[in-house]
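Visitor: I'm new to looking at protein models, and I'd like to learn how to read one. Could you walk me through a few features?

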Amino acid sequence: MGDKHYPDGILLGRARVPGLDQPRIVTVRDGDVVDITAKGMATVRDIAESGSAAEHVRNAPGAVLGRADTILANSVAGQIDLSLPSLLSPIDLQAIKASGVTFVVSLLERVIEEQARGDKSRADALRGEILDLIGTDLSELVPGSETAMKVKAALIEKGVWSQYLEVGIGPDAEIFTKAQPMSSVGYGAEVGLHPSSSWNNPEPEVALLVTSAGAIIGATLGNDVNLRDVEGRSALLLGKAKDNNASASLGPFIRLFHGAFTLETVKQSEIALRVEGEDGFVLEGHSSMNQISRTPESLVAATIGGHHQYPDGLVLYLGTMFAPVQDRGGAGKGFTHKLGDIVSISTSELGTLTNRVNLSTKCPPWTYGASHLLRDLARADLL
């Protein structure tokens, strides 16, 4: 990938193009962003549902909008020249779902959040106490297995059973609605924190593109922005902790499965996270997809099937093993975002997703929904 923010492969995305009301469907060819919008194939949803998404994107005729590096640079919040194209989130009508507590480190940190009741000053002490009580390597446990159920019984007896341990090693995965269709933001955009939160963090994740038939056809990067204090007070506040203006970012492009790039590639991905603050603070970490405790296929099956249908398909965040505990602003205070933080999430297979942190109330409001898209496509005779 070199210094590029986008990977090689068959890429699918969306762009704002000056002079046009509706978002355009784009791909990248030889370093150029190419507009491949066509009647009947004017949404990412329609391309995904076509049954031949990779072939369509690879072969569709199109018009060059500009160099990819130039357009990515013009997609950064506060630096956008409206006379030039810029990227949007690479999905449109899909439901935006997420899975939680799919990695051991994430599991332990969720337990700590719950026990601390949103007080990050108690987190370090609780972390040590809980690890002592568990007394086993949870990474070896298969969720829902007989061994996992024995561990569950032991933890209940010790008085430290948690709703997070239930979804971490129990039979059922945590699947929730992260955001509404059309509400996600893309590369360079601001990501939003609810102004009531004082303890929060990025969640660097792989997100899968899934069709209405449950087929997994591609992947992208995502930031499942999390409010640790809000969810820590009560899991019933998950909606407030997770679904706020600009709280779901995806991009820069969806890479469609083709050739050597498959779901197996994604399962071996190494995800890098870097947070750079205006105060000079730098946080770096890595997440290995091969450490996930539930397979991507099982998480998709828990989301879509006979029990639940998604006619426009969905994107599913797969969860993260990265839970930042590095102190910021004083010993024992743990990590939390500050406004202006630059968050970069990278893999060699999917590129780099970069966003700047702001309050949800200060990010551009979400005003363009599914009804606006369909009306604009109808006016342009693209449906």
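Visitor: Let me start with two residues: are Asp 35 and Arg 24 buried or exposed?

Guide: Both of them, Asp 35 and Arg 24, are buried. Keep in mind that this is a predicted model.

Visitor: What do the side chains of Asp 35 and Arg 24 form when they meet?

Guide: A salt bridge, with 2.7 Å from N to O. Asp 35 belongs to strand S3 (residues 32–35) and Arg 24 to strand S2 (residues 24–29), so the bridge ties together parts that are 11 residues apart in sequence.

Visitor: How many salt bridges does the count come to?

Guide: The count comes to 17 salt bridges. Another one joins the side chains of Lys 242 and Asp 224, at 3.2 Å from N to O. Here Lys 242 sits in helix H9 (residues 238–242) and Asp 224 in strand S11 (residues 216–224), so parts 18 residues apart in sequence are tied together. Lys 242 and Asp 224 are both buried.

Visitor: And which residue forms a salt bridge with Lys 267?

Guide: That's Glu 297, and the closest N and O atoms are 2.7 Å apart. Lys 267 is part of helix H10 (residues 263–267) and Glu 297 part of helix H11 (residues 296–303), so this pair ties together parts that are 30 residues apart in sequence.

Visitor: Let's turn to rings. What describes a pair of aromatic rings?

Guide: You look at the distance between the centres and the angle between the planes. In this model the count comes to 2 aromatic pairs. Phe 257 and Phe 261 make a tilted one, 5.3 Å centre to centre with 50° between the planes. Phe 257 counts as buried at 17% relative accessibility, and so does Phe 261 at 3%.

Visitor: Why is the pair of Phe 281 and Phe 335 called tilted?

Guide: Their planes are at 35°, so the pair is tilted, and the ring centres are 5.9 Å apart. This pair links distant parts of the chain, 54 residues apart. Phe 281 is in the loop between strand S14 (270–276) and strand S15 (282–288), and Phe 335 is in the loop between strand S16 (314–317) and strand S17 (342–347). Phe 281 is buried at 12% relative accessibility, and Phe 335 is buried at 1%.

Visitor: What sits over the ring of Phe 261?

Guide: The charged end of Arg 255 does, 4.1 Å from the ring centre.

Visitor: Now a helix. Which residues of helix H12 are buried?

Guide: First the general idea: an α-helix has 3.6 residues a turn, so residues three or four places apart point the same way. In helix H12 (residues 370–379), the buried residues are Leu 373, Asp 376 and Leu 377. These residues cover an arc of only 100° around the axis, so they are on the same side of H12.

Visitor: Which residue follows H12, and what is its phi?

Guide: Asp 381 follows H12, and its phi is positive, near 55°.

How values were computed:
Residues numbered from 1 in each chain as written. Predicted model: local features only at pLDDT ≥ 70, side-chain atom pairs only at ≥ 80, totals over all residues. Heavy atoms only, no water. Phe/Tyr/Trp six-rings, centres within 6.5 Å; stacked < 30°, edge-to-face > 60°. Buried < 20%, exposed > 50% of the residue type's maximum accessible area, 1.4 Å probe, protein only. Helix = DSSP H or I, 4+ residues; strand = E, 2+ residues; numbered from the N terminus. Lys NZ or Arg CZ within 6 Å of the ring centre and 35° of its normal. Arc of directions from axis to C-beta. Salt bridge = Lys/Arg side-chain N within 4 Å of Asp/Glu carboxyl O.
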